[in-house]
Amino acid sequence: LEKVDFLECRGMQGVKEAEIEIAGQKMWIAITSSMTAAKPLLEEVKNGTSKYTFIEVMGCPGGCINGGGQSIVPSSIKNGKLGMGYKELRMKALYDEDVEMPLRVSSDNPQIQELYSKYLGQPGSEKAEQLLHTSYSRKEKFPKLDA
């Protein structure tokens with residue numbers, strides 16, 4: 001990808017989407033945060049009506065920026081009394097830091113390149129697929145137990 005900043009997918013909305021082109025193929029991506037916002041997207045996938053090639057589902061409203069692993073924020077900031085809210089400040093700080101990083105694409109990382117050249121071979125190789133990729137299969141539900 002020439003462009004790694006997907007500005008269309010930033011913000012606090014429940015669902016954000018963008019159209020991207022990779023190797024001449026157009027794809028739709030969606031990013032959703034909170035299971036409530038994810039439900040309609042998942043229903044579309046289940047019904048076979050989804051236009052999306054890729055969907056990222058984040059459990060916390062606003063994503064990890066608003067997650068339980070974040071530091072405790074004083075209420076004066078959390079309640080927005082100091083202007084910009086804490087979530088927006090955290091997002092801005094993370095995006096600003098990301099822009100300054102010398103390596104922003106994993107395939108440019110020398111350690112990843114060494115891993116492939118010495119061990120995995122090419123991306124998509126049998127060994128890379130076996131070790132790095134996940135496959136899914138339908139699972140039967142547990143039967144209900146008599147109470």
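**A buried lysine and its surroundings**

Reply: Start with Lys 16. Beyond residues up to four places away in sequence, Lys 16 touches Glu 8, Cys 9, Arg 10, Gly 11, Ile 29, Ala 30, Ile 31 and Ser 33. This is a predicted model.

Me: In which strand does Lys 16 lie?

Reply: The chain has 5 helices and 3 strands. Lys 16 is placed in one of the strands, β1.

Me: Which side chain of opposite charge is nearest to Lys 16, and how far away is it?

Reply: Lys 16 is buried and has no salt bridge. A salt bridge needs a nitrogen within 4 Å of a carboxyl oxygen. The nearest side chain of opposite charge belongs to Glu 56, at 8.0 Å.

Me: Which backbone oxygen does the side chain of Lys 16 reach?

Reply: Lys 16 has no salt bridge. Its side chain does reach a backbone oxygen, at 3.3 Å. That oxygen belongs to Gln 13.

Me: Is Met 35 buried or exposed?

Reply: Met 35 is found in helix α1 (residues 35-47). Leaving aside neighbours within four places, Met 35 is in contact with Val 57 and Gly 59. Its C-alpha atom is separated by 7.9 Å from that of Cys 60, which is 25 residues apart along the chain. The relative accessible area of Met 35 is 52%, and the cut-off for exposed is over 50%, so Met 35 is exposed.

**Salt bridges**

Me: How many residues apart in sequence are the parts that Arg 104 and Asp 5 tie together?

Reply: Arg 104 forms a salt bridge with Asp 5, with the closest N and O atoms 2.5 Å apart. Arg 104 lies in the loop between α3 (86-100) and α4, and Asp 5 in the segment before β1, so the pair ties together parts whose separation in sequence is 99 residues.

Me: Which residues are linked in a network of salt bridges?

Reply: The count comes to 6 salt bridges. Arg 104 is partly exposed at 27% relative accessibility. Asp 5 is also partly exposed, at 23%. The network links Asp 5, Arg 10, Asp 98 and Arg 104.

Me: What separates Asp 96 and Lys 92 in helix α3?

Reply: The side chains of Asp 96 and Lys 92 meet in a salt bridge at 2.5 Å, N to O. Asp 96 is partly exposed at 39% relative accessibility, and Lys 92 is partly exposed at 44%. The two are 4 residues apart in α3, so their separation is about one helical turn.

Me: Is Lys 118 exposed or buried?

Reply: Lys 118 and Glu 114 both lie in helix α4, 4 residues apart. Their side chains meet in a salt bridge at 2.8 Å, N to O. Glu 114 is partly exposed at 40% relative accessibility. Lys 118 has a relative accessibility of 65%, so it counts as exposed.

**Helix ends and confidence**

Me: Which residue follows α4?

Reply: At the start of α4 (residues 110-120), a side-chain oxygen of Asn 109 reaches to within 2.7 Å of the backbone nitrogen of Gln 111. After α4 comes a residue with a positive phi, near 80°. That residue is Gly 121.

Me: In which helix is confidence lowest?

Reply: The chain averages a pLDDT of 84, and 86% of the residues score at least 70. Confidence is highest in α4, at a mean of 95. Where pLDDT is low, the predicted coordinates should not be read in detail. The lowest mean, 65, is in helix α2 (residues 75-78).

Notes
Residues are numbered from 1 along each chain as its sequence is written. Side-chain values use heavy atoms; hydrogens and water are left out. A polar contact is a pair of N or O atoms within 3.5 Å; within protein, one must be able to donate a hydrogen and the other to accept it, and residues adjacent in sequence count only if both atoms are side-chain atoms. pLDDT is the predictor's confidence in each residue, from 0 to 100. Buried means under 20% relative accessible area, exposed over 50%, partly exposed in between (1.4 Å probe, protein chains only). Lys and Arg count as positive and Asp and Glu as negative; His and the chain ends are not counted. Contact means heavy atoms within 4.5 Å.
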